[in-house]
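Subject: Handing over the structure

Hello,

Here is the structure I promised to pass on to you. Please have a look at it first, and then read my notes below.

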Amino acid sequence: MEKNTTTREYPMLPLQGLVVFPRVIMHFEVTREESVRSLTAAAAADKLIFLAAQREDGEGDDRTYRVGVVAKIKQLLRTSEGVTKVMAEGEYRARATEFRFDGDHPVAVARRFPEKRVKLSEEEKEAYLRMVKSLFKEYAQKMPHAPEEYISSIMSSQSLESVFDNIAVSLPADVESKQELLEANGIDEKMTALLAILQREIEVLGAELDIHNMVREQIMSNQREYYLREQMRAISRELGEEESGEFEANEYLDRIKAIGLESEYEKKLIKEAERLSAMPQQSAEYGVIKTYLDTVLDLPWNITTEGKTDIAKTRRILDKDHYGLKRVKERILETIAVKQLAPETKGQIICLYGPPGVGKTSVAKSIARSMGRKYARIALGGVHDESDVRGHRKTYIGAMPGRIINALIEAQSSDPLILLDEIDKISHDYRGDPSSALLEVLDSEQNVNFRDHYVEIPFDLSKVMFITTANDISVIDPPLRDRMEIIELSSYTREEKFHIAREHLIPKQLEKHGLKLSNVRFSKTAIYTIIDNYTREAGVRELERVIASLCRKSAKEMIEQNTDKVKIDNAKIEEMLGHRKYTDDVVSRTDSVGMVNGLAWTAAGGVIMPLEVLINDGRGNVTATGSLGDIMQESCRLAVSYVRSIADEYGIEKDFYLDKDIHIHAPEGATPKDGPSAGVTMTTALVSALTGVPVRYDVAMTGEITLHGRVLPIGGLREKTMAAFKEGMHTVIIPKGNKPDLDEVDDTIKEKLHFVFAEKITDVLDVALASDPRKAKRDTMKVGF
C-alpha cells in the first residue's frame, strides 16, 4: 500500500463521455466557462487538476463519479472560436469526498486512492496475458481500421499494467464500463473486468458484422435480379415479343408524328422515345424521359379555339359582368373588330393597372368569356426565379417546365387568354431576373419561337392574348413596360359603386348565402350609407365584405324570428353593423373669410379638402400645418409670392409679408397630404384672408398655379368632381386644360354641377370670392377723389 493519502483541494473538471486513466496522456477540448476557469486555476498553481467522468443520468453532485484521476496539465491552447484545447497526463487515482465552488470555479476535496498491491505468480501473469491477448486479437480482427502499430505494441508487451492501460484507454466502451475499469482495485480485478468488457465488445462486433453481411447479400440479390431481367428481356427480343415499355414507346412515336413538328425537333423526340424503349422500367432515367415526353406531347400544338367575332354579343357579355370600365371594353371590342378584318393578327399584350379591388383580375376572365377563348392565370406575386417563367433544364433532378408552358397545358389551346397577375410584384435575385425572361414572352415579334428550358422545342405564343395586371406600373422594368399597352382602371366613383353593389354584389352574396331578392331588400339610401360610412376604398372588396356580413346577419334574424323578409335600411344597418366608421367631410355651409373648399384625390376616391388661412400681426412668418408634403409647402410659398404681385390690384397692403404672420392649415392633420393641385385653393384662401372678402361655400376648386398666375391641368378629375357632387357643391372650378377630361365624368354630375374653366388665377378669384375686392378698391379711390 502507498502511504501518501493526504486530503487536499484540487480544481475540478467534470468530463462528459470520457474516462481518464493514470499513466495515459489525453487530448480533449473544453468550452464551458467554469471549466476553463478550473483549468486556468490549476495552471496557475501546481498544474494538478481532478478529472472525473459524469454519468449520463443523475443530477447535481450525484452526476459526477467520486473516483477520478489527478492529472497534470501539459498544454493549454485557446482557439479563436472560444474552444480551449487541453493535453494532460494522468498521475494517479483519487477519491473525492466533497464537491464545491471556490469563487468562480468548481473544486474537489480528494485524496489519493492507491491501488491494492497483488502478488501474482509467474503462471498467473502468463495466464492473464494469454487470455487478454487472445481476446484482443479476436477483437482486432473484427474491429475495422485498427492501426497495425497499436495491435503489435499490445501483442508484444509482457507487462500486465502496460497491456491494461493501452487497451482500456482505446476501447470504444461506454462510460460506465470504463469507470468500472478505473475503480477496479488490484491487477487481478482490473484484468478480470477488462476480459469481460472485451468479450462483450467481441459479441457486439460480431452482431454488427452479421447485419453488414445481410445488407450486402440483399444488394447482391438486387443486382442478380436486374441481371436476370436483362436476360429475360434479351430472350423476349429474340422471340419477337414486346414488353409494355415498347408498347408505350410505339404510342409515343405515333403521337410525335401526329403533331407535325419540324424535322429537327421530330427527330429529337423520336430519339427520346427510342431511348425509352431500350430502357428497363425500373430505371430512374425511364421516369425522367417518360415525364418529358408526356409534357411535350400534352402541349396544344395544333389546338385552337374558335373565338367570337360578334361585337354586339361581346359587348352584352362585358356589360353584364362589369359596370363601367368603358376604356377596357372599347379596347376589347377594337381587338375583336380587327380580328374579324385581319384573322392573322398576332396576339395583343394589354396591362390593366389601378388600385386593388377595382376588378382587374375579374375583367380578364370576362374578356376571355366574351371572346370565346380558354383562360389561364399565372400569379407572379413573389416570383424571383427565372426558372419559374422559362422552366428548369432537364439535367436537374426534379426539373419541370415554366409557368407559361404549364398554363398552355392547362388551357389546352394554343390561343388562350393568359393573365399574368401582379406583374409589378415580381423580384429578382442570384437565380435570375423573371422580368428579363418575360421580355421574350410579351414581345409579339419574338414570342413566335418561345423556347422553354425544359421543353427545348420552340412554341408559338404569338396567338396568345396576354393581359397583365399591376397596382403600380412605375416599379415595372421600363423595357417590359414598353411592350405592353397600358390601360388605367381608376378608382370607382360613388355612383359606380352604387350600381356595382345593386346589380352585381348584392345578387351574388344573396345567392351565396341561400337568400333571394324577395327575402332581403336593400333600400337605395342603405346602399349609399354602406358606401359612404362603412367603406373607404378604391375598389369594392370591402363593400362586398360588408354586404356579405349583412346577408349573414339577415339569415340569422330570419331563422331566429321565423320570418321570411328583412328590410335593410339605415336604421337596420346601424343595428347590425354598429356605429358609422367614416363620417362625411367637414364642409362649411356659410361664406367664410380665409376658408376654401379644395378638391383632392386619394386611393379611395375624391374628397373635399378644406383649406384655412389666418392672418395675424407678426414679422412675416409663413406657417403651413396639417401634414403637408414638400410639394404643398412649395405651393404655399408660390401663393404668397403671387399674392404679393397682385397686392395693389386687390387692395392688399404691399408690405403684408413683412408685418403679418400667415398660417395655412389643412384639417385632419394626421393624414399626410401632398401634390400641386392645391395651388389655386391656397391662393384664393390667402387673397380672401388678406382682403377680408368671404369665399362662397358652394364653390370647390382644384388646379396648379404658376408664378405668373396661370392655372395648369391636374389629374383625378373624375373622382374630384364626384366628391364635389356628393357634398352638395354648386360650382366647380377646374383648369381649362382639363376640359377634355369631362368626357370621363358621369353625365349626372355634369348635369348637376356648374363647371368654370379657369385659365388664370383671376378667373378663379372672380367666381370664388363673394364680392370683387378690385371693385371695392375702385369705389374707395372715387370717394377719395
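What follows is a short tour, from the whole chain down to single residues.

First, the ground rules. This is a predicted model, in which local features need pLDDT of at least 70 and side-chain atom pairs count only at pLDDT 80 or more, while totals for chains, interfaces and linings use all residues. Residues are numbered from 1 along each chain as its sequence is written, and side-chain values use heavy atoms, with hydrogens and water left out.

The whole chain

The chain holds 27 helices and 22 strands; these are DSSP runs numbered from the N terminus, with helices (H or I) of at least four residues and strands (E) of at least two. Its radius of gyration is 45 Å, well over the 28 Å that the globule rule gives for 785 residues, so the chain is more spread out than a compact globule. That radius is taken over C-alpha atoms, and the rule is 2.2 Å times the number of residues to the power 0.38. Along the principal axes, the C-alpha atoms fill a box of roughly 145 × 95 × 65 Å.

Of the 785 residues, 47% are buried (buried means under 20% relative accessible area, exposed over 50%, and partly exposed in between, with a 1.4 Å probe and protein chains only). Among contacts (heavy atoms within 4.5 Å) with a separation of 6 or more, 73% are between residues 24 or more positions apart.

Aromatic pairs

A search of the whole structure turned up 4 aromatic pairs. Rings of Phe, Tyr and Trp (its six-membered ring) pair if their centres lie within 6.5 Å; planes under 30 degrees apart count as stacked, over 60 as edge-to-face and the rest as tilted. One of the pairs is W301 with F459, which is tilted, at 5.0 Å centre to centre and 55° between the planes. This pair links distant parts of the chain, 158 residues apart: W301 sits in the loop between α9 (284-298) and α10 (311-321), and F459 in the loop between α15 (434-441) and β10 (465-470). Both W301 and F459 are buried.

F656 and Y657 have ring centres 6.0 Å apart and planes at 90°, so their pair is edge-to-face. F656 is buried at 1% relative accessible area, whereas Y657 is partly exposed at 28%.

Two covered helices

In helix α24 (residues 717-726), 8 of the 10 residues are buried, so this helix is largely enclosed by the rest of the structure. Its buried residues include R718, E719 and K720. After α24 comes G728, with a positive phi near 80°. Helix α26 (residues 761-768) is mostly covered too, with 6 of its 8 residues buried, among them I761, V764 and L765.

Two residues to look up

I202 belongs to helix α6 (residues 187-238) and is buried, at 4% relative accessibility. Not counting residues up to four places away in sequence, I202 touches L135, E138, Y139 and K142.

Q75 lies in strand β4 (residues 67-78) and is partly exposed, at 44% relative accessibility. Leaving aside neighbours within four places in sequence, Q75 is in contact with K85, V86 and M87.

Best wishes
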